[in-house]
Amino acid sequence: MSAPYAKLPAWADYGLIPLINLTVAFIVAGLVVLLIGENPLRAAVILVDGAIGRGQAIAYTLYYATSFIFTGLAVAVAFHSSLFNIGGEGQAYVGGLGVALVCLAFDSVLPWWLTFPLAILGAALFGAAWALIPAYFQAKRGSHIVITTIMFNFIAASLMVYLLVEVLKPAGSQAPQTRTFLEGGQLPKLNWMLEAMGFAVRSAPLNVSFLLALVAAFLVWVLIWRTRLGYEIRMRGHSPKAARYAGVSEVRVIIVTMLISGALAGMMALNPVMGDQNRLQIDFVTGAGFVGIAVALMGRSHPAGIVPAAILFGMLYQGGAELAFEMPGISRDMIVIIQGLVILFAGALEHMFRPSLQALFASFSPRAVGAEAKQGESA
Amino acid sequence: MDLFNTLVLLLDSTVRLSVPLLFAALAGLYSERSGVFDIGLEGKMLAGAFAAGAAAAVSGSAWVGLMAAVLVSVFMALVHGFASITHRGNQIVSGVAINFIAAGSTIILGQAWFSQGGRTPLVGAAGRFGAIHLPFADALSGVPVLGPLYSQLLSGHSLLVYLAFLLVPFTWWVLFRTRFGLRLRAVGENPAAVDTAGISVQWLRYRAVICTGVLTGLAGTYLALAQNAGFVKDMTAGRGFIALAALIFAKWRPVPVMFACLLFGFLDAFSIRIQGTPLPLIGRVPVQFMQALPYILTVVLLAGFIGRAIPPRAGGVPYVKER
């Protein structure tokens with residue numbers, strides 16, 4: 001068997017190991033805080049309070065989480081087919097172009113609830129299109145999808161700067177951004193939802209796309225575990241050879257998976273572009289595409305894990321902003337470190353604690369771990 | 001004559017801009033030839049640049065800066081090795097993690113230690129690798145054609161520039177003329193064969209990853225202490241990825257790596273030079289297009305339209321000894 005490690009009970013596999021990995025990541029982050037001479041516990045208290053202490057804060061947390069749900073799902077769908085879509089950043093950026101074009105075209109004629117579906121289509125279409133070329137090259141020509149999607153991130157950045165500076169900028173304006181969308185291109189806020197629950201929210205950018213993100217999470221679950229296509233995606237992910245033998249077209253699975261992944265990443269743009277800023281700006285993605293990698297790894301590529309992981313990262317973003325206010329030494333960039341540590345411990349080092357944990361379990365009940373492992377290995 | 005001078009200046013800045021790419025791409029060469037993919041070149045370079053800037057600012061010595069850069073960068077390379085060699089983690093994921101940790105911690109630590117918005121204090125001449133004037137550079141500058149070439153293009157660079165270009169034949173020699181190089185290439189193609197010969201796959205790969213760390217440290221030092229006078233936040237600005245592109249473009253071979261880096265450095269220098277001025281026949285080329293060109297070229301190459309880039313066979317696959 002290629003899997004070098006024996007089996008653990010499911011609850012340890014899906015609960016305990018991710019929890020240990022996350023804890024270690026946060027302990028190391030705490031050490032960094034200690035290194036710059038602040039109290040990590042006090043920092044954690046300020047961060048959590050800043051993220052969920054007030055209604056306003058919760059609304060912001062959920063606003064950030066919305067973006068991360070989309071990008072996390074995008075990475076996860078690709079993961080299931082053992083494709084690493086590192087290009088969520090670029091796909092979201094180009095997806096923003098789709099949103100902006102729809103809004104600029106229809107905001108004066110249609111109400112928001114008619115522009116919204118069109119904008120969803122625009123975002124998904126443009127995001128998917130940006131994933132199509134790397135997907136095609138991977139499927140047909142075998143060029144490594146990780147490298148091509150990284151390259152496409154940079155190409156997207158150049159393309160969007162060019163378009164914003166040379167094409168989309170209104171005449172007479174200096175700032176590289178589109179004009180502000182009219183009412184028909186603005187998504188309604190969801191603050192009433194939190195107010196109905198008894199929280200006070202003054203003004204926060206939380207908007208309807210949060211609900212869309214939850215729907216998308218459910219649809220991804222249906223797709224991956226309840227449809228034939230999802231089965232084919234997972235089959236290729238586990239064993240490309242088995243998939244080929246079973247008559248699954250590898251080219252089709254790669255391309256379709258990446259189109260879905262790109263579409264999800266592109267839909268992230270709805271949240272900031274149509275929901276908050278109401279115009280297309282340079283660098284509006286601000287790393288959300290990369291946060292998606294951490295979110296997908298932390299959520300173990302399952303929507304039920306991705307939504308909480310995205311909310312956790314939303315908390316880090318919102319609480320981090322408050323933290324920077326209280327402790328000037330700790331700026332927003334602390335989140336980038338935490339993100340890196342989560343990716344390292346929950347992703348690259350996910351097996352670090354497994355052998356010792358197995359030994360521990362084996363010492364309790366050798367039969368549960370050892371016996372199963374022997375069977376698995378001889379098969 | 002005027003055109004000639006412009007050309008010399010353009011080539012001069014090409015050399016300067018391609019040096020960090022060359023260090024980083026050669027760094028990646030060692031690791032990837034041994035079967036460990038490394039998209040964390042960017043992060044290691046950034047951490048190295050920060051360490052160089054910080055140490056040189058505190059100590060006032062360029063050499064201390066260089067040592068610090070190499071140490072920090074090797075440490076990060078070892079983290080990558082620990083994850084991907086010892087614990088058989090996903091090498092791409094580990095590289096991404098390194099990039100983020102470097103991007104965040106250089107800013108946080110820089111702000112905490114120097115409070116200058118993530119920069120390190122400017123270092124004086126002693127803290128930098130200054131220009132080295134080759135003998136007779138001034139005397140010969142009057143000679144037509146050869147004079148400017150010698151005194152401007154060849155002379156007047158920092159020590160690290162010459163080192164970078166010397167590392168190209170050195171790397172070739174290590175890779176293709178030493179026992180270590182043979183084993184390194186073998187472990188990247190067929191680790192099981194190396195293992196059967198009784199050589200430790202893990203230790204070989206660790207050594208390759210350490211080489212990568214040393215070279216990315218040099219790349220960072222060049223950025224912080226030769227090209228600039230201190231660390232500026234996010235100063236690698238994607239060069240690690242361009243270096244990766246150059247490495248692929250050169251199909252993981254040392255001498256072509258140099259030419260790929262020079263090509264990408266030239267594109268960079270050229271786009272700075274022509275900013276806004278129209279070209280004959282083509283008209284005005286957007287700066288953004290020139291910036292994106294290395295990436296576009298790499299994608300086209302990877303797709304097999306200009307030759308075919310075949311990575312080391314065991315690249316990205318952790319080695320599991322059969323039990």
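**The enclosed cavities**

A search of the whole structure finds two cavities of 30 Å³ or more. A cavity is a set of points, on a 1 Å grid over the protein atoms alone, where a 1.4 Å probe fits but cannot get out; its lining residues have an atom within 4 Å of a point. Grid points are joined across faces, edges and corners, and a volume is the space filled by probe spheres set on the points. The model is predicted: local features need pLDDT of at least 70 and side-chain atom pairs count only at pLDDT 80 or more, while totals for chains, interfaces and linings use all residues. Residues are numbered from 1 along each chain as its sequence is written, chains are lettered from A and ligands numbered from 1 in the order in which they are written, and side-chain values use heavy atoms, with hydrogens and water left out.

The largest cavity holds about 60 Å³ of space. Its lining consists of Ile17(A), Pro18(A), Asn21(A), Leu297(A), Met298(A), Arg300(A), Ala346(A) and Glu350(A). Two or more of these residues come from each of α1 (10-35) and α13 (288-298) of chain A, where helices are DSSP runs (H or I, at least four residues) numbered from the N terminus. The largest share, three residues, belongs to α1(A). By type, this lining has five nonpolar, one polar and two charged residues; Ala, Val, Leu, Ile, Met, Phe, Trp, Tyr, Cys and Pro count as nonpolar, Asp, Glu, Lys and Arg as charged, and the others, Gly among them, as polar.

The second largest cavity has a volume of about 40 Å³. Around it stand Ser84(B), Ile85(B), Val201(B), Gln202(B), Arg205(B), Pro318(B) and Tyr319(B). Helices α3 (62-86) and α10 (201-227) of chain B each give two or more residues to this lining, and α10(B) provides the largest share, three residues. Four of the lining residues are nonpolar, two polar and one charged.

Turning to the contact between the chains, chain B contributes 45 residues and chain A 43 residues, contact meaning heavy atoms within 4.5 Å. Together the chains bury about 3800 Å², 78% of it on carbon and sulfur atoms; buried area is the accessible area (1.4 Å probe) that two parts lose on being put together, summed over both. On the chain B side, Phe100(B), Ile108(B) and Gln288(B) lose the most area to chain A, together 17% of what that side buries.

Notes
1 Å grid on protein atoms, 1.4 Å probe; cavity = no way out; pocket = protein on both sides within 12 Å on 5 of 7 lines; lining within 4 Å.
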